[in-house]
Amino acid sequence: MATQKKDLLGQRLTRLEDPPLILGQGNYAADINFPNQLHMRIVRSPYAHAKITSIDTAEAAAISGIVKIWTSHDIADLPPIDFRADKSSEELKPFRQNVLATDRVRYVGDPVVAIFAEDPYVAEDAADLVVINVEQLRVITSADDEPGEFDVGLSSEAGLLTHTYGDVDAAFAAADTVIELDLRTGRHSGVPMETRGAIGVYDADEDILKLYGAAKVPHRNRDTLVRMLGRDEDKIELHEGHTGGGFGIRGELYPEDVLVLVAAMRLGRSVKWIEDRQEHMMAANQGRNQHHLVKIAVDKDGMILGMEDEFFHDQGGYVRTHGANVPNRTMCMLTGAYNVPAYRALCHFRLTNKTPAATYRAPGRFESTFVRERLMDALAVKLGIDRIELRRRNLITSDQMPFSLNFDEPGVEDMEIDNGDYPQLLDKALNWLKWDEMEADLERRRAAGEMVGSGIGVFVEESGKGPSDGARISVDENGDIEILTGGASLGQGFETTMAQICANALGVDYQRITVIHGQTNLIPYGIGAHAARATVMTGSAVNVTALTLRTKALDLAAEMLQLPADSLDIVDGTVIVTDKSSGPSITLAEIARRNEEGLAAEDFHKTKESAFPYGIHFAVVKVDPETGSIDVERFMVAYDVGCMVNEMLLEGQLVGGCIQGIGGALYEEFVYSDEGEPMAVTFADYMIPTLDRVPTVECMITEDAPSPHNLLGLKGGGEGGINGVGAAIAGAIDQAVGIPGAITQLPVTPQRMKEILNNS
Amino acid sequence: MTKRSHISLSVNGDEYETLCEPDQSLVDVLRNELELTGTKEGCSTGDCGACSIRLDGDLVCSCLVLAVEAEGKEIETIEGMAPKSDELHPLQRHFLEINGLQCGICTPGILIAAKALLEKNSDPTETEIRFWLAGNLCRCTGYDKIIRSVQAAAEEMRKG
Ligand code: FES
Ligand code: FES
């Protein structure tokens with residue numbers, strides 16, 4: 001089926017989702033209201049680690065308009081927020097977060113009390129009157145610190161995780177050169193422009209609990225809620241409206257989601273909760289916070305013999321829905337696009353007294369690419385080999401594909417990279433950039449006294465991990481088409497992407513297609529939108545379903561027109577004789593009208609394998625030695641996506657991801673005081689990139705390695721923009737300031753930059 | 001409960017009368033009393049620009065304005081941007097054509113701010129656009145297509 005037509009794929013079609021959004025008719029969580037609804041306000045712990053001795057809510061309860069106040073005692077029957085089924089791990093279960101803190105609080109922002117009021121202002125006033133009495137406990141603000149006690153008799157080191165293959169000791173013993181580095185990535189998060197929101201509604205007649213404001217993985221969260229609340233699958237519904245960005249952190253199941261649902265049922269009224277920005281900065285998942293002690297062994301030609309990494313993962317106060325996913329992904333992606341014959345990684349998975357961590361766009365990859373590419377830069381300097389040449393020598397080549405990493409540990413998933421030609425992408429990218437000219441120009445500028453430099457980050461991404469997803473497509477009697485999916489839209493263009501794939505396979509106008517997503521009551525399954533899965537998994541499901549529907553339509557048309565099916569084609573919603581614009585024809589609408597069962601199909605895409613897109617990031621920066629501020633003059637992304645559905649939307653994903661990465665590399669950091677007080681709780685302290693300080697990101701998209709694991713060859717694009725940014729920027733700064741290995745920590749804030757310059 | 005104040009405002013040419021709390025922000029009144037939810041609230045501290053509106057022509061963050069301060073003033077929000085129900089403002093059209101939005105939550109504020117810019121300066125340079133919109137955060141697009149959309153709209157509007 002490699003011959004499937006792709007006429008419509010890649011085209012820059014405008015988005016189906018835009019018309020309401022540009023008119024101000026978007027329906028985001030805060031825009032959703034139900035009659036007679038209550039408003040929930042959470043009282044959060046002001047302490048980073050403490051034992052709760054008592055909670056006094058009397059004064060708050062006395063305010064008029066307060067309907068109910070809950071502490072953990074009022075919901076003692078609820079289990080902690082569970083892991084997703086595929087992430088469940090017995091050893092990590094004691095580290096889950098309760099819906100409201102019971103006897104201990106473990107970060108500033110930990111939910112302690114829930115207030116339900118007639119009015120959000122009243123709820124907020126009452127929250128100020130709640131008194132939480134505590135005995136403070138030792139606060140741990142870094143995964144470097146000696147572990148403490150998560151609970152009585154339970155260490156805050158939740159686990160030691162390992163990934164190993166090959167003979168690492170032999171590799172280091174045989175090495176010509178060994179390099180060791182000490183590297184850190186700061187705490188960042190997605191920080192979508194829409195804060196979280198949840199509205200719980202209880203339909204007493206049908207005994208159905210409904211959650212509005214759901215996002216990302218509605219079906220998986222439904223399944224978790226089914227387990228947690230002990231209800232039947234059809235008694236809980238999740239509904240997704242417009243979502244103001246996700247980036248991995250929005251749409252996970254959080255305590256507030258459970259609270260609005262349970263309160264809706266127990267208080268008999270709908271309950272609305274909208275997070276404020278300050279809460280968001282201390283309660284929504286954060287990530288990236290790792291400290292690596294890494295070393296690499298190479299022979300005299302710079303060929304990698306082995307790699308060893310010991311790192312400390314700062315998990316924050318609890319283990320959330322993903323379990324140990326992020327450190328695990330860090331470990332299995334650390335070797336990246338290179339041949340590394342022997343490898344050992346050891347992760348100290350440690351709880352600290354900071355906001356819990358979980359997945360943020362390219363989880364474990366942004367971090368590991370930074371670490372790996374810092375090693376390559378350091379090696380190039382030490383060995384006196386050009387940094388591009390050193391990378392080229394070590395890249396996995398296309399004749400080694402598929403390329404497997406088989407880990408020794410039982411239960412650790414092996415990784416098989418499907419395909420790719422990394423040296424080819426490198427050559428294409430260098431050509432595209434006119435690398436040699438660019439380097440010569442930077443050299444001239446440096447000679448003239450400017451602090452300018454370039455850097456590079458090579459990476460592999462994983463996308464479209466199975467196991468399966470499906471879709472239903474139907475044509476109505478007017479010829480309008482509906483695609484029903486269990487996917488989710490976080491603003492990435494999901495509807496257009498699905499419609500474009502369907503239109504391509506079926507032979508219809510994409511503007512006549514409506515795409516449904518994020519409604520668990522309409523379709524029993526759905527993979528959601530996470531880990532760059534939407535286009536690959538749901539897109540492939542839509543493609544196979546559209547092909548099935550096409551076959552069905554052609555068979556029916558063959559009968560109706562009395563012509564052989566293989567002589568027919570579908571163009572613009574009409575079945576015609578192939579390549580004939582006149583002659584017998586019948587519209588899909590007519591077929592739907594005449595066929596008793598109408599015209600519809602359901603089909604599935606199943607795969608055990610992931611699709612691995614790959615890319616290279618290049619940065620050019622200029623450092624101001626006076627202020628320490630760093631200007632990203634140029635940023636270039638070369639990316640192989642296998643098969644592109646819509647070039648304009650893919651550029652949007654790559655550029656958006658890249659600018660987020662620049663934020664993490666230079667500006668953004670959730671800083672905590674030694675007492676665990678979060679210091680960045682507004683946009684004034686947590687500085688996401690603004691228009692006046694970002695470059696125009698240049699993209700070179702290739703389709704050289706279509707994935708063999710789906711019919712169209714699709715690979716994901718959601719994380720390719722951010723993956724190598726920290727690595728490329730770090731390399732560029734090193735070169736700009738003329739200090740090899742200068743950058744060991746992200747973000748490189750002006751203060752850190754000044755310090756490096758002053759110490760040199 | 002505090003005494004509610006009575007205010008009258010003109011929003012997109014329509015007259016509204018409503019009650020509000022003395023400390024209630026204008027964005028809250030627009031959204032929750034007048035049910036004009038096109039204006040978004042991303043931070044409530046004047047840092048994100050999602051709540052951008054025009055107050056007697058001036059571009060302001062409506063989260064920083066008290067509703068009572070808007071008494072008798074003319075307000076322009078995203079709901080009033082398209083000249084007719086079946087016709088888009090050039091900015092809206094180019095945002096749609098060039099993909100100047102993804103999740104769309106920053107878009108109402110950005111469109112309002114960009115419109116204010118183009119009314120003051122029909123031919124802004126890229127740098128002028130960047131600085132004018134620097135107070136409007138967008139986490140999805142990486143901004144580039146926003147700039148291209150504004151430039152394309154400006155060009156079309158100049159040609160009339
Ligand atoms: S909500 Fe007003 S500036 Fe952010
Ligand atoms: S489009 Fe999502 S914040 Fe701008």
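How many residue pairs are in polar contact between chain B and chain A? I get 22, with both residues of each pair at pLDDT 80 or more. I keep in mind that this is a predicted model.

**Entry 1: which parts of chain B touch chain A**

Helix 2 of chain B has the largest share, with five residues. Sorted by class, the side of chain B that touches chain A comes out as 22 nonpolar, 12 polar and 12 charged residues.

**Entry 2: area and salt bridges**

I counted contacts next: 46 residues of chain B are in contact with 52 residues of chain A. For area, I noted about 3,900 Å² buried between chain B and chain A, and carbon and sulfur atoms give 60% of that. On the chain B side, L96(B), Q102(B) and R139(B) lose the most area to chain A; together they make up 21% of what that side buries.

Then I looked for salt bridges across the interface of chain B and chain A, and the rule finds four. I looked at K40(B), which forms a salt bridge with D31(A). The closest N and O atoms there are 2.5 Å apart.

**Entry 3: helix 5 of chain B**

I checked the length of this helix. It has 16 residues, so at 1.5 Å a residue it should span 22 Å, and its end C-alpha atoms are 23 Å apart, which agrees.

I also wanted its buried residues, and found D144(B), K145(B), I146(B), I147(B), S149(B), V150(B), A153(B) and A154(B). What do the buried residues of helix 5 of chain B pack against? They pack against helix 16 (647–667) of chain A, together with helix 2, helix 3 and helix 4 of chain B. After helix 5 of chain B comes G160(B), and I noted its positive phi, near 75°.

**Entry 4: T177(A)**

Last, I moved over to chain A. T177(A) lies in strand 10 (residues 177–185) of chain A. Is T177(A) buried or exposed? Its relative accessibility is 10%, so T177(A) counts as buried, the cut-off being under 20%. Leaving out residues up to four places away in sequence, T177(A) touches I296(A), A297(A), V298(A), K382(A) and L383(A). I also found a polar contact between the side chains of T177(A) and D176(A), at 3.4 Å.

Technical notes: Residues are numbered from 1 along each chain as its sequence is written. Chains are lettered from A and ligands numbered from 1 in the order in which they are written. This is a predicted model: local features need pLDDT of at least 70, side-chain atom pairs count only at pLDDT 80 or more; totals for chains, interfaces and linings use all residues. Side-chain values use heavy atoms; hydrogens and water are left out. Contact means heavy atoms within 4.5 Å. Buried area is the accessible area (1.4 Å probe) that two parts lose on being put together, summed over both. A salt bridge is a side-chain nitrogen of Lys or Arg within 4 Å of a carboxyl oxygen of Asp or Glu. A polar contact is a pair of N or O atoms within 3.5 Å; within protein, one must be able to donate a hydrogen and the other to accept it, and residues adjacent in sequence count only if both atoms are side-chain atoms. Helices (H or I, at least four residues) and strands (E, at least two) are DSSP runs, numbered from the N terminus. Ala, Val, Leu, Ile, Met, Phe, Trp, Tyr, Cys and Pro count as nonpolar, Asp, Glu, Lys and Arg as charged, and the others, Gly among them, as polar. Buried means under 20% relative accessible area, exposed over 50%, partly exposed in between (1.4 Å probe, protein chains only). The expected span of a helix is 1.5 Å times one less than its number of residues.
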